[in-house]
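Subject: Structure for you, with notes

Hello,

Here is the structure we talked about. My notes follow below it.

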Amino acid sequence: MTRVISIFLPTLSTDRVRRRAGDAAPPPETPFILVGRDGRRRIVLAADAAAQAAGLRVGMTVTKALALVRDLVIEDADPAADAAALERLAVWMLQHFAPIVAADPPDGIVIDSTGADHLHGGEAAMLATIVAKLGGVGLRARTAIADTWSVAHALARFDARPSYVSRPGHAATDIAPLPIAALRLVPEGVDSLCVLGFTRVGDLLAQPRAPLALRFGPELGRRLDQAIGQIAEPIEPIRPRELIEVRRTFAEPIGAPETIARSIGRLVGQLCDALEQKGLGARRLDLICHRVDNRVQAVRAGTGLPLRDVKRMTRLLCDKIETIDPGFGIEVMTLTATMAEPLMPKQAVSTLVEEAVPDISDLIDLLANRVGEQKLYRVMPVASDVPERSVRHIPALAPETGADWPGRWPRPPRLLARAEPIDTVALLPDHPPVSFVWRGVRRRVKRADGPERIFGEWWKCDPELAAVRDYFRIEDDAGERYWVFRAGDGEDPLTGSQRWFLHGIFG
């Protein structure tokens, strides 16, 4: 089943102007609008969050806006620059999230996420990642995922939640409570429907189509059919000029897996030739299959290092043939190197005494495309005494840096993702426990070594100026060894809560 993501950027234009102005930009709490002309009138074309909170809306006249807000900052809109910024953002989405991405002017992006969400931890996690990454560059966003573009577009703009995940098969139910403006009708049509008493999309879905079409034309019925999935609404993916892409058109539609695999092999060969001419290697491959019913099937494969190996690239793509539904046949296939990096020839082992370095990149690529890049990683040391801050995840094929953890104190091979509280019994407040209860089981301590005192990183925040942890290595009467700590020095409440936690398990 097709799944579509709609991203709504309500303040894209004003955010772009603020970033361009830098230090000269008005403060975020100052209402700010961009204006343009509609005939002889000057109207509001974009408003930031502060202006919207003050009651200003797109389409309002500038005279009325000035009357409502006294200290209003006004600048002329630049629609061409806004469109270019939206296109650049769509290209970035194409490189990082899914093979089929398109701009949805004037303030949105649409993504066909079918088959790509599992690479990002699922649909909800994918939406959360998009919102977080856009927020990191100062862009406010609301997102929604649904079975159709129309429903995702409506939910992203007319539902107050930052992210909305519509359940498969519930498109009509989810869009029914929304106002009829969510159907992307012209304003005059919305006004006419409101005069007749139609306020919600559900009111229209319950009506027979013939009278509606007779009075309002075919556009209303087409929008309703698109919303409930009866009419396909294809997404024309954005394709920047710098992308390296090859294309194959078939005289007769194909559908057999063996035929698709042979076609993929030929496309990969052509793509590798094009990459070699430019001295590049592919980091991300997108295979898009256009079916005869005007629907699109997409497959994405990534590599840890730049790659120009026909056999390996073909295998990565052919491993996902089972996810392609050819329907009544595929008439066009395109293969794109969505991300490419310089790839220079390497000298192979030339003497008998040189040792060949094992190449595991093929295995890493195979696993990463099956389980997702985020689930395959290495850990790298970080200069921090606080255990949970002393490691970070890096790509599996990232180059070695030579960094290592200091060996002054032993560390458990298994460090819990989050320290878990334990109930302890100790002879004295600053002594190790003589017994503790973890996950409902009481364990009697046979041996203990410590404490190893770790102080807070005072430069991060003020509470860490006095924060202390006392770590102990303990062994219970069953021979199992644990790494526990007390949050505090055992006396001063300012140094911590004085509660005990289990943070790691020794082998």
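Start at Leu335. Not counting residues up to four places away in sequence, Leu335 touches Ile244, Glu245, Val246, Leu267, Val268, Leu271, Leu285, Asp286, Leu287 and Leu317. Bear in mind that this is a predicted model.

Leu335 belongs to the largest nonpolar core, which has 29 residues. Leu335 is among those with the most contacts inside this core, together with Leu271, Leu287, Met313, Leu317 and Met333. The largest share comes from α12, with seven residues. As background, nonpolar side chains tend to be buried together in soluble globular proteins.

Next, helix α11. How many of its 10 residues are buried? Seven are, so α11 (residues 218–227) is largely enclosed by the rest of the structure. The buried ones are Leu220, Gly221, Arg223, Leu224, Asp225, Gln226 and Ala227. Their cover includes α6 (149–158), α7 (171–175), α8 (187–195), α9 (201–205) and α10 (209–216). Just after α11, look at Gly229. Its phi is positive, about 85°.

One of the helices covering α11 is α7, and α7 holds a residue worth a look: Asp174. Asp174 is buried but has no salt bridge. Which side chain of opposite charge is nearest to Asp174? That is Arg167, 6.1 Å away. The side chain of Asp174 does make a polar contact, at 3.2 Å, with the side chain of Tyr164. Not counting residues up to four places away in sequence, Asp174 touches Leu155, Tyr164, Ser166 and Arg167.

Last, the strands around β7. Strand β7 (residues 142–146) is mostly covered, with four of its five residues buried. Strand β1 (residues 4–8) pairs with β7 in the antiparallel sense, over five bridges. Strand β8 (residues 163–165) runs parallel to β7 and is joined to it by three bridges.

Best wishes

How values were computed. Residues are numbered from 1 along each chain as its sequence is written. This is a predicted model: local features need pLDDT of at least 70, side-chain atom pairs count only at pLDDT 80 or more; totals for chains, interfaces and linings use all residues. Side-chain values use heavy atoms; hydrogens and water are left out. Buried means under 20% relative accessible area, exposed over 50%, partly exposed in between (1.4 Å probe, protein chains only). Helices (H or I, at least four residues) and strands (E, at least two) are DSSP runs, numbered from the N terminus. Contact means heavy atoms within 4.5 Å. A nonpolar core is a set of buried Ala, Val, Leu, Ile, Met, Phe, Trp, Tyr and Cys residues joined through side-chain atoms within 4.5 Å. Lys and Arg count as positive and Asp and Glu as negative; His and the chain ends are not counted. A salt bridge is a side-chain nitrogen of Lys or Arg within 4 Å of a carboxyl oxygen of Asp or Glu. A polar contact is a pair of N or O atoms within 3.5 Å; within protein, one must be able to donate a hydrogen and the other to accept it, and residues adjacent in sequence count only if both atoms are side-chain atoms. Two strands pair if DSSP finds at least two bridges between them.
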